Amino acid sequence: MTDPTTDPTTDPTTDRAAAPAASIESARQLTVAWRALVLDRDAEADVRDLPGIAVRWADCRFSFYNCITLTESGAGADVLAQRLTQAADIMRAKRHPGFLWLFEDLLDDEARATLTAAAERAGLQHAFPGTGMAGDLLPVPDPVHPDLTFVRVRTDEHLRAYADLQSRAYGFPLEESRDGLAGSAHWTSEMYAYLALRGDVPVACAATVEAEGRLFVAFVATDPQWQRRGYGEAVTRKALHEGAKATGLTRATLHATEAGAPVYPRIGFEPNTPIHFFHLAE
């Protein structure tokens with residue numbers, strides 16, 4: 001877990017009142033959960049906590065494992081411009097591409113108004129939007145879906161199937177997601193990761209993991225040919241059910257993509273901050 005004495009989101013000099021608590025929590029959950037993920041992938045991964053910037057960069061081919069985020073609450077336009085430039089410089093120094101996750105509610109009004117222009121000046125390009133969500137919704141019932149059975153990820157074969165679902169859902173080459181997940185002990189022991197099977201074919205997946213007193217949902221995906229059948233929601237409920245049963249936690253958090261955002265309120269999640277994903281401009 002992240003050391004609270006070095007993570008800028010816990011700095012007592014930060015104006016925490018400038019952003020809603022749920023939005024601060026959302027950014028903090030990323031820094032905590034991703035630190036464990038990237039260190040599992042590479043014990044020498046870049047997990048620095050710099051002033052106003054958290055780096056969680058495995059520098060592998062799986063771009064979601066290469067992450068950087070801004071951590072100050074109430075950041076103004078000048079600070080935003082400076083941090084975006086610093087973040088872009090860090091990203092350029094890496095071998096493999098990744099994303100800057102920017103939690104909008106951590107910015108003041110002026111910084112929000114200048115975000116697009118400041119990102120362009122820093123050499124960053126908007127990739128896709130997301131939404132932070134959380135809720136005191138646990139436990140949830142063990143889900144039943146007429147098409148599906150569920151299996152916990154315990155083997156290398158399971159992990160490969162999980163990685164391949166990520167690639168299909170997000171349009172990555174299969175080798176890229178496998179480069180992040182293959183051979184992971186963290187995924188098969190610390191995470192409550194589940195495959196949804198239609199017959200013997202994996203069609204969807206979701207994982208939860210304990211992160212600083214919350215159950216954090218991550219890497220939900222459905223094979224595009226099996227979408228809009230409730231498979232993603234069902235396997236997310238399964239990961240939440242099993243994670244809560246094992247940990248006793250009552251609060252859950254996640255970062256939703258635009259496609260997944262309508263699903264999670266049905267489970268009990270409430271949206272908090274918009275999230276902007278940036279990559280280096282080509």
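Which element provides the largest share of the lining of the largest pocket? The legends below take up this question in a predicted model, and then turn to two further close-up views.

**View 1. The largest pocket and the residues that line it.** In this predicted model, the largest pocket holds about 880 Å³ of space. Of the 35 residues that line this pocket, Val220, Thr257, Ala259, Gly260 and Tyr264 are the closest to its centre. Two or more lining residues come from each of strand 5 (124-135), helix 4 (156-170), strand 9 (214-222), helix 7 and strand 10 (252-257), and it is strand 9 that gives the largest share, with seven residues.

**View 2. Glu242 in helix 7.** Glu242 belongs to helix 7, which spans residues 231-247. Because its relative accessibility is 14%, Glu242 counts as buried, the cut-off for this word being under 20%. When residues up to four places away in sequence are not counted, Glu242 touches Asp142, Tyr192 and Tyr194.

View 3. A disulfide is a covalent bond between the sulfur atoms of two cysteines. The structure holds zero disulfides. For Cys60, the nearest cysteine sulfur is that of Cys67, 12 Å away, and Cys60 is in no disulfide, since a pair would need its sulfur atoms within 2.5 Å. Cys205 is likewise in no disulfide, and its nearest cysteine sulfur, which belongs to Cys60, lies 16 Å away. With a relative accessible area of 1%, Cys60 is buried, and Cys205, at 0%, is buried too.

Note on methods
Residues are numbered from 1 along each chain as its sequence is written. This is a predicted model: local features need pLDDT of at least 70, side-chain atom pairs count only at pLDDT 80 or more; totals for chains, interfaces and linings use all residues. Side-chain values use heavy atoms; hydrogens and water are left out. Helices (H or I, at least four residues) and strands (E, at least two) are DSSP runs, numbered from the N terminus. Buried means under 20% relative accessible area, exposed over 50%, partly exposed in between (1.4 Å probe, protein chains only). Contact means heavy atoms within 4.5 Å. On a 1 Å grid over the protein atoms alone, a cavity is a set of points where a 1.4 Å probe fits but cannot get out, and a pocket is an open set with protein on both sides within 12 Å along at least five of seven lines; lining residues have an atom within 4 Å of a point. Grid points are joined across faces, edges and corners, and a volume is the space filled by probe spheres set on the points.
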